[in-house]
Amino acid sequence: MKLYCLSGHPTLPCNVLKFKSTTIMLDCGLDTTSVLNFLPLPLVHSARLSKLPGWISKDGTVNLEKELKECAGRVFVDSQPEFCVPERELLDLSTIDVILISNYHCMMALPYITEHTGFTGTVYATEPTLQIGRLLMEELVNFMERVPKAQSATCWKNKEIQRILPGPLKDAVDVWIWKRCYSMQEVNSALSKVQLVGYSQKVELFGAVQVSPLSSGYSLGSSNWIIQSHHEKVSYVSGSSLLTTHPQPMDQSSLKNSDVLILTGLTQMPTANPDGMLGEFCSNLAMTIRAGGNVLVPCYSSGVIYDLLECLYQFIDSANLGTTPFYFISPVANSSLEFSQIFAEWLCHNKQSKVYLPEPPFPHAELIQTNKLKHYPSIHGDFSSEFRQPCVVFTGHPSLRFGDVVHFMELWGKSSLNTIIFTEPDFSYLDALAPYQPLAMKCVYCPIDTRLNFHQVSKLLKEVQPLHVVCPEHYTQPPATQSHRSDLMLELQPPPMPYRRCSVLNLPFRRRYERVYILPELANSLVPSEIKPGISVATVSAVLHSKDNKHTLQSIPKPPPVPPSKKRKRVMEEPPVTPAPKPLLSGAVPLEAFLTTLQKHGITEVKVEETADGHILHLQAEDTLIQLEEDGTHIVCDNNEPLRTTLRDLVLRFLQKL
């Protein structure tokens, strides 16, 4: 069993598991942190960005004025943003049989995998994962295509040139495999390969293994996966949460008795408490509005935003924000808000019960009805005529490199009355803000990450007790910024097996058993012999038939009868006679009892020598050796056939014949 790691990002995993002749890809996350090295894509012409000076090396030998621009002491690539895609050279991706998706954040690289590698398999995901994943991909494509860049920067990627660039460009990993965004056509083609599954549904893969999704409690439709054969079980735990938010709670009991547990997608903010962050988010928002400023919340169009809106729904009246407009701007804003209300069976029990009242499960439906929350596909059109300040705007993208958020940064960045509140943990807020410096607006960092922290995961692993744990290398050592915090890492016995991008692990268990079925007529012909009280054994002679990874014992076919011939039969034409199988022997020869039996038969001079595997008996008068070992008995006797036969019969007295 092997595990190939194609992504180095612990919360955006992409691994391939080879198990029982099947090749299974576990998630295909897209590392979007690479976009922080690029300049933002403004929706309207930005005089500030267009006047940025180009970069020339200090000695003047390298001139990349057209590709690289300097802003507030940092260098950015002036080109369409590119993403760090999963590694494609480590193994032939056309050999992948299935892709299992955990949640909609972990499927953003799907078009890169399914469309350009010869992939012909099936993708398995739950319905909310597919539908919300489609929205996030659609939004990403829309952000990129509505502000295309004419030039494409490639010279800076040259290894020799990259080496002399200032950081962080100098340290960017695998820049030559970074790719521009896919098209909507590729998204539709990739998603057409998705087959929908429900929690605990068992899916057979070629008769070899069974895969089954379990609720992971992190987002709508998010799953952990069980991959098992008749005798082995692998659990894949990715992006799970034990907090009581809107999704169905995590199914922990089904993870028990795993031979290997592959663990990814722990919280990126192990020291931040999500409840505390929500409180901080609300108080900072209220403070800014009261002072007459605007609040900008760069966020994804699905996920945490549902919880933020629910939190604000409860907070608005107590903070006297009833007249403040809330705007949600995204090409998929309408679909996202509607989808969250229709996936009732994927919600926690509390929200499910509202559907039968009938009430909308999420309170943002009421915010929309009372006109407190308005949603728009973009800043153009209706929004510009209805927009009034002070207000709160939820929009993407959290990287601040593309989307409507770029326009609000340019619009509100110069006033210290305004505040930007970061809630998504995927991007360093300092790196996100770098191309907008100098910035007057206030920044508040309230990362809300509900995924498992190290304390929760240690408790979980104690309960489910897997034999082996495999996890990203990041989890086996404390964060670089807090190297003294040994509580911010996984400490297990035996130690977890770490992996990093491009590593290949041989997982430490051997398959020892295979299930074999026996046909009823063959079972009927068996004659069991009792070897111990309650234990019977029977020998079987059969043909092993294997098809679709199912193994069956069938009766040996009888030779066809020879048709009568007028010619005289020749000896060669006789059908071969199948000899009856020799009986099998079982048991052990007890030394003392055997020596007593030899004495009774007149063999008295016996020298006994102990060996690593048993004993050697030297019959001195007869010049004969008898080797008694665990798995066999040898009689070495030259030119005395009657004695050898006698000794053989004495040995057989102590053994059982089957």
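Analyst: Let us start with phenylalanine 206, which is found in the loop between strand S10 (203-205) and strand S11 (209-215). Helices (H or I, at least four residues) and strands (E, at least two) are DSSP runs, numbered from the N terminus. This is a predicted model, in which local features need pLDDT of at least 70 and side-chain atom pairs pLDDT 80 or more, whereas totals for chains, interfaces and linings use all residues. Residues are numbered from 1 along each chain as its sequence is written, and side-chain values use heavy atoms, without hydrogens and water.

User: What is the phi of phenylalanine 206 near, and is the residue buried or partly exposed?

Analyst: Phi of phenylalanine 206 is near 55°, which is a positive value in a residue other than glycine. Accessibility is read on a relative scale: buried is under 20%, exposed over 50%, partly exposed in between (1.4 Å probe, protein chains only). Phenylalanine 206 has a relative accessible area of 48% and is therefore partly exposed.

User: Which other residue has a positive phi, and is that residue buried or exposed?

Analyst: Aspartate 27, with phi near 70°, is also a residue other than glycine with a positive value. The loop that holds aspartate 27 runs between strand S3 (22-26) and helix H1 (47-50). Aspartate 27 counts as buried because its relative accessibility is 0%.

User: Let us turn to peptide bonds. Which residues does a cis peptide bond join?

Analyst: Leucine 357 and proline 358 are joined by a cis peptide bond, for which omega is about -10°. Proline 358 belongs to the loop between helix H9 (349-355) and helix H10 (364-369). The bond from glutamine 493 to proline 494 is cis as well, with omega near -10°, and proline 494 is placed in the loop between strand S21 (468-472) and strand S22 (497-499).

User: How should I read a polar contact, and what does the side chain of serine 302 make a polar contact with?

Analyst: The term denotes a pair of N or O atoms within 3.5 Å; within protein, one must be able to donate a hydrogen and the other to accept it, and residues adjacent in sequence count only if both atoms are side-chain atoms. Here the side chain of serine 302 pairs with the side chain of tyrosine 306 at 3.0 Å. Serine 302 sits in the loop between strand S15 (295-298) and helix H7 (304-315), while tyrosine 306 is in helix H7. Serine 302 has a relative accessible area of 1%, so it is buried; tyrosine 306, at 0%, likewise counts as buried.

User: Which residues surround this pair?

Analyst: Contact means heavy atoms within 4.5 Å. Not counting residues up to four places away in sequence, serine 302 touches Tyr104, Ile132, Leu136 and Ser336. With neighbours within four places left aside, tyrosine 306 is in contact with Ile132, Leu220, His246, Ser301, Ser336, Ser340, Phe362 and His364. The C-alpha atoms of tyrosine 306 and serine 336 are separated by 9.5 Å, although 30 residues lie along the chain from one to the other.

User: Where does leucine 460 lie, and which residues does leucine 460 touch?

Analyst: Leucine 460 lies in helix H14 (residues 454-464) and, at 3% relative accessibility, counts as buried. Beyond residues up to four places away in sequence, leucine 460 touches Met250, Gln252 and Leu452. Its C-alpha atom and that of proline 447, 13 residues apart along the chain, are separated by 24 Å.

User: How is the packing of two helices described, and at what angle do H6 and H7 cross?

Analyst: Axes are lines fitted to C-alpha atoms over the stretch in contact, with angles from 0 to 180 degrees between N-to-C directions. The axes of H6 (residues 274-290) and H7 come within 11 Å and cross at roughly 60°. That makes H6 oblique to H7 (under 35 degrees is roughly parallel, over 145 roughly antiparallel, 65 to 115 roughly perpendicular, the rest oblique). The crossing of H6 with H7 is right-handed (the near helix is turned clockwise from the far one by less than a right angle). Leu278, Phe281, Cys282, Ser283, Leu285 and Ala286 in H6 meet Leu308, Cys311, Leu312 and Phe315 in H7. By class, this contact of H6 with H7 has 9 nonpolar, 1 polar and no charged residues (Ala, Val, Leu, Ile, Met, Phe, Trp, Tyr, Cys and Pro are nonpolar; Asp, Glu, Lys and Arg charged; the others, Gly among them, polar).

User: At what angle do the axes of H16 and H17 cross?

Analyst: For helix H16 (residues 591-600) and helix H17 (residues 641-653), the axes come within 11 Å and cross at roughly 140°. H16 is therefore oblique to H17, and H16 passes H17 in a right-handed crossing. Phe594, Thr597 and Leu598 in H16 meet Leu647, Leu650, Val651 and Arg653 in H17. The contact of H16 with H17 comprises 5 nonpolar, 1 polar and 1 charged residues.
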